[in-house]
Amino acid sequence: MEGIETATNSSAGSSSPSSSSPSPSPPTPSQNNPPVVISPCAACKILRRRCADKCVLAPYFPPTEPTKFTIAHRVFGASNIIKFLQELPESQRADAVSSMVYEASARIRDPVYGCAGAICQLQKQVSELQAQLAKAQAELVNMQCQQTNLVALLCVEMAKSEPQPNSPQSVDNFITSPGKLPGQSMLP
């Protein structure tokens, strides 16, 4: 009632303390209001019925995507889709619709296995790719071992080819003459 008095007082030109606060302007179409749907949703258009303001299917089957509803309707039926959506909270409905459309299109492509066939095929691809990856990793380890062996062999060959002055007695000479110390002669 006070809001009505404020509106009448401000229109009458009186300056009361309650009229000094700005009254909220009426919302324009661009402020937080969803756009008005002129055409019916794809579901109602395909079902040839009037699309109500509170149509459960309208947010998920826009008029620009009629094939989306056609695919889901062909497999699940309109009444089942509506019933299923009404049982879910609104936060889960968009995911449910995309799942139904995916399942329906998989069922149309493969009537026997549906999306289970696609899942099995993808699991087979994953296992094949894992086997290829394991084989490639084993080849990589093998190549790293070969590289390490080649580097060690090169180091040994380089050490043999370089003359080293005043090198200590080699192990072979020590084994053949165990009693001889470096710098001693063989005579007693």
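Is Arg 48 buried or exposed?

What we have here is a predicted model, where local features need pLDDT of at least 70, side-chain atom pairs count only at pLDDT 80 or more, and totals for chains, interfaces and linings use all residues. Residues are numbered from 1 along each chain as its sequence is written, and side-chain values use heavy atoms, with hydrogens and water left out.

Now back to Arg 48. It counts as exposed, because its relative accessibility is 78%. Let me give you the cut-offs: buried is under 20% relative accessible area, exposed is over 50%, and partly exposed is in between, with a 1.4 Å probe and protein chains only. Arg 48 sits in the loop between helix H2 (42–47) and H3. Its phi is positive, about 55°, although Arg 48 is not a glycine.

Arg 49 is partly exposed, at 38% relative accessibility. Leaving aside residues up to four places away in sequence, Arg 49 touches Cys 44, Leu 57 and Ile 82. When I say touching or contact, I mean heavy atoms within 4.5 Å.

Let's step back to the whole protein.

The protein has 188 residues, and 16% of them count as buried. Its accessible surface comes to about 15,300 Å², and carbon and sulfur atoms hold 60% of that. That area comes from the Shrake-Rupley method with a 1.4 Å probe, and for residues only the protein chains shown count as cover. Among contacts with a separation of 6 or more, 39% join residues 24 or more positions apart.

Now for the helix packing. Find H4 (residues 78–87) and H5 on your screens: they pack at an angle of about 150°, with axes 10 Å apart. That makes H4 roughly antiparallel to H5. From H4, the contact uses Ile 81, Phe 84, Leu 85 and Gln 86, and from H5 it uses Arg 93, Ala 96, Val 97 and Met 100.

A word on the geometry: axes are lines fitted to C-alpha atoms, for helices over the stretch in contact, and angles run from 0 to 180 degrees between N-to-C directions. Under 35 degrees counts as roughly parallel, over 145 as roughly antiparallel, 65 to 115 as roughly perpendicular, and the rest as oblique.

What is the angle between helix H3 (residues 66–76) and H4? It is about 100°, with the axes 7 Å apart, so H3 and H4 are roughly perpendicular to each other. Here Phe 69, Ala 72, His 73 and Phe 76 of H3 meet Ala 78, Asn 80 and Ile 81 of H4.

H3 also packs on H5, at about 70° and with axes 8 Å apart. These two are therefore roughly perpendicular as well. On the H3 side the meeting residues include Lys 68, Ile 71 and Arg 74, and on the H5 side they include Met 100, Glu 103, Arg 107 and Ile 108.

Take Arg 74, which lies in helix H3 and counts as exposed at 57% relative accessibility. Arg 74 and Ile 108 are 34 residues apart in sequence, and their C-alpha atoms are 8.7 Å apart in space.

Last topic: charges. Side chains of opposite charge can pair when their charged atoms come close. How many salt bridges does a search of the whole structure find? It finds two, where a salt bridge is a side-chain nitrogen of Lys or Arg within 4 Å of a carboxyl oxygen of Asp or Glu.

One joins Glu 65 and Lys 68, with the closest N and O atoms 3.8 Å apart. Glu 65 is partly exposed at 37% relative accessible area, and Lys 68 is partly exposed at 24%.

The other joins the side chains of Glu 103 and Arg 107, at 3.7 Å from N to O. Because they are four residues apart in helix H5 (residues 90–109), about one helical turn separates Glu 103 and Arg 107. Glu 103 is partly exposed at 21% relative accessibility, and Arg 107 is partly exposed with a relative accessible area of 30%.
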